[in-house]
Amino acid sequence: MSATQTYRYLGSSTLARGGLGLQTSGGPAPHPRFFTGFLTTPPAAAVGLLAVAEVARTRYHRPVSAASLDPVVTGSRDRLRFESFSGCCGVYARLDTLPAGLDGDIVEHGTTNVDVNNPLREALARVGGLDPLHLSVGPDDLTVSTMDGPIVEKKVPLPARWLRGFAEVQILSAAFEPRAEIPATEAATFLRRLPTTSDRSVLWAVPAGRSLRLTSRPVPGAVCLAGASRLTALRGMLRFAESLRVYGPTVAAGSAPVPSTWELDTGALRLSLTLSPEPYRGFSGEGAALTALAGDDVVDDADLVAAVLSWDPTIDVDRLATDTGLDPTRVRAALAQLGTAGRVGYDVSEAAYFHRVMPYDAGRAERDNPRLVGARALLDAGAVELDATTATVRSGDQVYRVRRLPDGDFTCTCPWWAKHRGQRGPCRHALATRMLTVDRAQERV
């Protein structure tokens, strides 16, 4: 399923005489300008922008023609964040241009898409040495008011899975912890040994002294590396990096594949790739956001939190709790809900959320999620019957049993749960049971 998002640019992005002009579309104004100034590390910044743009053009699973979706950029006081998903939605890339990487002022807060065209890619690839690089994100004021040339229109198929991908990544990565940090020299050796062509392997990286070693099975402290060739986009940044940091959820012997984040840090820039649990799996189908979408009170909490969000580089949960009168747990649930509309992301390096606005309405993710739609249909039809620890769910001619586990999760006798064992979120029967259980509990309060 996809929607056609029309991007209108006043011109093409260009790089000439040391000045990089990134044309924008959408955001808080039709053609917002977020930043004007110099990038303090031009070659590294050029490589990072190319990496994010290249991920947006690539389908890692069953590679076919380039996707050519434009990355999005968010300005928030002291930094810029460039983000993209791969065409298969299995890789999420982000370049954070930190305060040390900018010499100028962010003059507008918000999120928009940027035009990274082929001539610009070729020009960025030639940046090197001591060449200064001046960045203007968006057209300048004079151009906006006096440009006589035609507006360039690009109709880009913007898949609904991008919205679901942003929602899933921020929920999944919020559970990540730092697992390893290795120096740049060891990182270069490790990354250059990985395959460069498409592969379907699921490996595990284990800290080993100053480096990482790969194993075929998970052990405590390991980080999943699914489709190692998908880390290729990091290689260009290696010569500028100070370290490689790796993040992931807690695993144990016998754990199923899980997502992970691989981040190169130059001091002024951070380039990260978040990989889906397996090469053929896109983030849009992971189902981690389903629970956040299913609640009713959390929607009201999200509206309250959204009203006090600011454009700080990171979101302070405790401050939001004070401002809204909600406890931190409810604030985090509200942020997860806002993430389903693309309004917040998660920065694993700083273990904090950040504010983002995408061109979607808040209900889009819910409407486009068939399991959630199916769960609500089951509830509307009165198809769920609860008892103490189990539920009976009638779906057409089939009857399924849903059982609640001690940890609060649910199992189901349906084929979906038998196939995925809860690794890709709840089935519609378990989701409907959870929703009805919560509703009944609230009625008793």
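## Close-up views of aromatic and charged contacts

**View 1. Phe85, Tyr92, Phe166 and Phe283 make up one aromatic cluster in this predicted model.** A search of the whole structure finds 6 aromatic pairs. Within the pair of Phe85 and Tyr92, the ring centres are 5.2 Å apart and the planes meet at 40°, so the arrangement is tilted. Phe85 is buried at a relative accessible area of 0%, and Tyr92 is likewise buried, at 4%.

**View 2. Phe190 and Trp262 form a stacked aromatic pair, with 6.1 Å between the centres and 5° between the planes.** The pair links distant parts of the chain, since Phe190 belongs to helix H5 (residues 184–192) and Trp262 to strand E18 (residues 260–265), 72 residues apart. Both Phe190 and Trp262 are buried.

**View 3. Asp96 takes part in salt bridges with Arg94 and with Arg270.** The closest N and O atoms of Arg94 and Asp96 are 2.8 Å apart, while the N to O distance between Asp96 and Arg270 is 3.9 Å. Because Asp96 lies in strand E8 (residues 91–97) and Arg270 in strand E19 (residues 269–275), their pair ties together parts that are 174 residues apart in sequence. Arg94 and Asp96 are buried, and so is Arg270. These residues belong to a network of salt bridges that also includes Arg81, Glu181 and Asp347, among others.

**View 4. The charged end of Arg81 sits over the ring of Phe354, at 4.2 Å from the ring centre.** Arg81 is also one of the residues linked in the network of salt bridges, together with Asp78, Arg79 and others.

Notes:
Residues numbered from 1 in each chain as written. Predicted model: local features only at pLDDT ≥ 70, side-chain atom pairs only at ≥ 80, totals over all residues. Heavy atoms only, no water. Phe/Tyr/Trp six-rings, centres within 6.5 Å; stacked < 30°, edge-to-face > 60°. Buried < 20%, exposed > 50% of the residue type's maximum accessible area, 1.4 Å probe, protein only. Helix = DSSP H or I, 4+ residues; strand = E, 2+ residues; numbered from the N terminus. Lys NZ or Arg CZ within 6 Å of the ring centre and 35° of its normal. Salt bridge = Lys/Arg side-chain N within 4 Å of Asp/Glu carboxyl O.
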